[in-house]
Amino acid sequence: MGLKSMSGKEFSRLDVLLDVEAGRLAIDDACDLMGLRRRQVFRLLAAFRKQGAAGLISKRRGRPSNNRLPDEVRQLAMSIVRERYSDFGPTLACEKLANLHDCPVSRETLRKWMMEDGLWLDRRRRLPSVHQPRLRRDRVGELIQIDGSKHYWFENRGPECTLLAFIDDATSRIMHAAFVHSESAFDYLRETRAYLMKHGRPTAFYSDKHAVFRVSKRDAAGGTGMTQFGRALDELNIDIMCANTPSAKGRIERAFGTLQDRLIKEMRLAEICSMEDGNKFLVGFIADHNARFGKPPFDERDAHRALQGDIILDDVFAWKEERTVTNSLTLQYDKVTFILEPTAVTRPLARKRVQVIDYPDGRFAIRHQGLDLPFRTFDRIRHVDQAAIVENKRLGAVLAFIAERQQERDQNRSQKAPRRQGQVGRHMFKSG
């Protein structure tokens with residue numbers, strides 16, 4: 001006698017019929033438990049008395065379905081798939097069979113056929129994704145991983161803020177770090193300048209796909225295809241690369257994990273509760289961290305390059321945009337109208353492009369071919385745009401800024417525009 005299998009439903013019916021046979025259960029109660037009519041219950045009971053538990057097994061088991069597609073359809077579909085779509089997934093291959101070959105087959109049926117023919121693997125049989133490690137760079141300064149981590153670094157002693165960190169790929173050393181309000185362009189520009197002043201120019205930076213580093217809209221009608229941060233690095237002859245996944249820049253991700261443990265506890269012991277005190281504390285902490293966790297480079301030669309002598313860093317790390325001067329010698333920038341003073345230099349600039357330079361410290365300039373142009377503002381009272389778009393990573397800082405402005409209710413120009421986050425001063429209305 002061969003071994004036969006039963007489904008869970010059939011086992012449930014067996015338990016009910018055993019109780020009926022033993023007199024512990026009435027037929028009407030058995031009908032309710034199995035959800036069947038009396039005639040069907042008597043039929044099952046008769047089969048049980050004659051064949052035992054095997055009489056409850058469905059006679060259709062092991063037989064092809066009545067709705068099974070003909071073998072000719074399977075042969076046609078799989079011949080087309082093997083010939084043209086062997087590397088396609090079942091969903092896409094199903095669409096192509098229906099649209100291009102007039103061979104409509106359900107997605108799951110095709111999936112089963114492809115698995116039977118070895119063209120597709122069941123999800124449970126697929127190998128897990130593998131993130132293979134890569135070797136470190138040979139020299140300090142070849143590749144600097146840069147990122148920010150928004151966290152309650154001061155726990156309940158201070159506000160939530162962001163730690164910007166620069167990690168050397170060759171040694172895992174923290175080359176520079178600073179607490180800032182948010183991951184804004186001005187914050188990255190300011191801290192990158194501090195890094196360059198201390199270490200020089202690295203070969204390349206390695207970052208995520210934050211909008212500060214990368215233009216998200218590739219088909220943008222205007223612009224140069226570079227962000228302000230990318231433009232600054234291009235002027236300094238420094239490359240920047242963006243990682244596809246967080247694991248690709250694992251050194252800085254693991255470093256933030258360590259910092260969110262050790263740095264927070266060290267600052268708790270030192271009773272640090274503000275970003276200003278935290279930035280002072282970072283100097284000694286980074287030196288100790290690098291001594292404990294830093295690795296020696298394979299090549300002792302430093303890949304950092306000296307800054308070019310003819311480069312003015314104030315101009316490199318400013319926000320630069322181009323505007324067209326109107327016939328009335330005016331231009332618009334960040335919700336402010338600027339009027340160029342009519343001089344022999346500015347009058348010919350009507351309908352021409354000029355460069356607007358917005359410095360991180362709040363200074364402002366309008367420049368054409370290296371010459372600063374005199375200007376004045378038309379209206380100094382600005383209103384907050386209720387529908388302004390704010391990136392998620394800066395939402396907390398923007399909300400705190402709005403609350404502060406609502407309390408003051410002064411008539412100063414709004415700094416809510418995303419590009420002005422991180423600026424120190426407000427000197428926009430002074431002529432360059």
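A salt bridge is a side-chain nitrogen of Lys or Arg within 4 Å of a carboxyl oxygen of Asp or Glu. Keep that in mind for the exercises below.

The model here is predicted, so local features need pLDDT of at least 70, side-chain atom pairs count only at pLDDT 80 or more, and totals for chains, interfaces and linings use all residues. Residues are numbered from 1 along each chain as its sequence is written, and side-chain values use heavy atoms, with hydrogens and water left out.

**Exercise 1. Find the salt bridge between Glu235 and Arg231, and work out where the two residues sit.**

Step 1: Check the distance. The N to O distance for Glu235 and Arg231 is 3.3 Å.

Step 2: Helices here are DSSP runs of H or I with at least four residues, strands are E runs of at least two, and both are numbered from the N terminus.

Step 3: Look at the cover. Buried means under 20% relative accessible area, exposed means over 50%, and partly exposed lies in between (1.4 Å probe, protein chains only). Glu235 has 30% relative accessibility, so it counts as partly exposed. Arg231, at 12%, counts as buried.

**Exercise 2. Now try Asp117 and Arg74: which parts of the chain does this pair link?**

Step 1: Start with the atoms. The closest N and O atoms of Asp117 and Arg74 are 3.1 Å apart, and the two form a salt bridge.

Step 2: Trace the chain. Asp117 lies in the loop between helix H6 (107–116) and strand S1 (143–151), while Arg74 belongs to helix H4 (residues 71–84). They are 43 residues apart, so this pair links distant parts of the chain.

Step 3: Compare with the cut-offs. Asp117 is partly exposed at 30%, and Arg74 is partly exposed at 21%.

Step 4: Widen the view. Arg74 and Asp117 belong to a network of salt bridges that also includes Arg82 and Glu116. In total, the structure holds 31 salt bridges.

**Exercise 3. Is Arg367 buried or exposed?**

Step 1: Find its partner. Arg367 meets Asp372 in a salt bridge, with 2.6 Å from N to O.

Step 2: Read the accessibility. Arg367 has 15% relative accessibility, so it counts as buried. Asp372, at 34%, is partly exposed.

**Exercise 4. Which residues of helix H2 (residues 27–34) are buried, and what do they pack against?**

Step 1: List them. The buried ones are Ile27, Ala30, Cys31 and Met34.

Step 2: Find the neighbours. The buried residues of H2 pack against helix H1 (8–21) and helix H3 (38–51). In turn, the buried residues of H1 pack against H2 and H3; among them are Leu14 and Leu17.

Step 3: Check what follows each helix.

**Exercise 5. How many helices and strands does the chain have?**

Step 1: Count them. There are 12 helices and 12 strands.

Step 2: Of the 432 residues in the chain, 40% are buried.

Definitions and conventions. Contact means heavy atoms within 4.5 Å.
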